Amino acid sequence: MSGGWDCHAHLFGPYDQFPLAADRSYTPPPALASQYLALLSRLGLSNGVLVHPSAYGEDHSLLFDALAAHRQLRGVIVARASTFPALHGLRDRGIRAARFSHRSGAGANFAGSAGFTDLLELAPRLADAGLHAELWTDTQALPEIAESLRRLPVKVVIDHMGGFDVDAGIDAPGFRCLLSLVEDGVTFVKLCAYRNLLKARDFDQGLPFHRALLGANPHALLWGSDWPHLRVEPTPDAAQLLAEFRRWTDSPTLESLILDANPVKLYG
């Protein structure tokens with residue numbers, strides 16, 4: 001047992017040392033490494049995965065600084081095919097993946113993000129460097145890229161439970177597409193439901209989606225806090241989100257698989 005993993009978090013600041021990119025889609029309050037480590041302790045988890053935020057553009061200095069200082073953390077870069085330097089050697093610095101965005105709707109893909117065409121071009125280089133891909137997408141956009149995902153030479157982790165549509169239900173074509181990818185072992189999924197439930201009348205409306213993914217392939221599931229919960233008011237309590245995950249999962253064996261064994265395969 002590694003002590004458990006939070007597989008999705010972001011850091012920001014201090015801004016006098018790590019200023020944000022001029023071209024960005026949002027300006028968050030600081031979220032410091034010391035605060036995140038305190039959160040991990042409160043959650044009873046030993047390890048965390050830091051995802052480079054688009055608000056930092058191509059400047060990964062905060063991410064690399066945190067990884068060098070805290071060996072229990074791993075990192076996910078944002079890489080464009082045209083701009084990122086050599087990927088070899090990044091594993092030695094704690095990097096395990098690169099993140100890409102392919103979301104539906106105007107303005108859904110933030111300034112500073114890398115797109116799906118970047119993923120297609122970079123995938124062979126990621127594979128050669130021992131890295132996987134992470135994809136922020138949603139169930140409306142997913143079906144059009146599903147066959148391309150199946151052909152990639154790297155593992156793919158889909159964020160935020162695939163951005164499921166709570167009103168459309170678990171039988172919606174986009175969510176069935178996600179289940180098929182998970183069942184076939186094509187993609188992993190981070191069980192982070194709350195962003196998909198902000199307008200739901202009851203948080204438990206997410207339970208059928210959670211249970212469907214458990215039934216599809218529990219060996220392809222991870223958990224992420226999404227701390228510091230950017231642009232969500234009121235701000236969720238990550239400890240409560242973890243408690244809801246445990247309640248929904250209702251199995252110590254599956255909890256251990258998702259919080260420990262599965263993430264070790266990707267981030268260990």
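Select Phe 12, Tyr 26 and Tyr 56: together they form one aromatic cluster. The model is predicted. Its aromatic pairs come to 9.

Next, select Phe 175 and Phe 209. The ring centres of Phe 175 and Phe 209 are 5.0 Å apart, with the planes at 85°. Planes over 60 degrees apart count as edge-to-face, so this pair of Phe 175 and Phe 209 is edge-to-face. Now show the helices. Phe 175 belongs to helix α5 (residues 173–183) and Phe 209 to helix α6 (residues 207–216), so the pair ties together parts 34 residues apart in sequence. Phe 175 is buried, at 2% relative accessible area. Phe 209 is buried too, at 3%.

Move on to Trp 223 and Phe 245. Their rings make a tilted aromatic pair, 6.5 Å centre to centre, with 40° between the planes. Trace each residue back to its element: Trp 223 sits in strand β8 (residues 221–223), and Phe 245 in helix α7 (residues 238–249). The pair links distant parts of the chain, 22 residues apart. Check burial here as well. Trp 223 counts as buried, at 2% relative accessibility. Phe 245 also counts as buried, at 4%.

Last, look at charges over rings. Select Arg 93 and Phe 64: Arg 93 lies over the face of Phe 64, 3.9 Å from the ring centre. Then select Arg 103 and Trp 136. Here the charged end of Arg 103 sits over the ring of Trp 136, at 3.7 Å from its centre.

Terms used:
Residues are numbered from 1 along each chain as its sequence is written. This is a predicted model: local features need pLDDT of at least 70, side-chain atom pairs count only at pLDDT 80 or more; totals for chains, interfaces and linings use all residues. Side-chain values use heavy atoms; hydrogens and water are left out. Rings of Phe, Tyr and Trp (its six-membered ring) pair if their centres lie within 6.5 Å; planes under 30 degrees apart count as stacked, over 60 as edge-to-face and the rest as tilted. Helices (H or I, at least four residues) and strands (E, at least two) are DSSP runs, numbered from the N terminus. Buried means under 20% relative accessible area, exposed over 50%, partly exposed in between (1.4 Å probe, protein chains only). A charge sits over a ring if NZ of Lys or CZ of Arg is within 6 Å of the ring centre and within 35 degrees of the ring normal.
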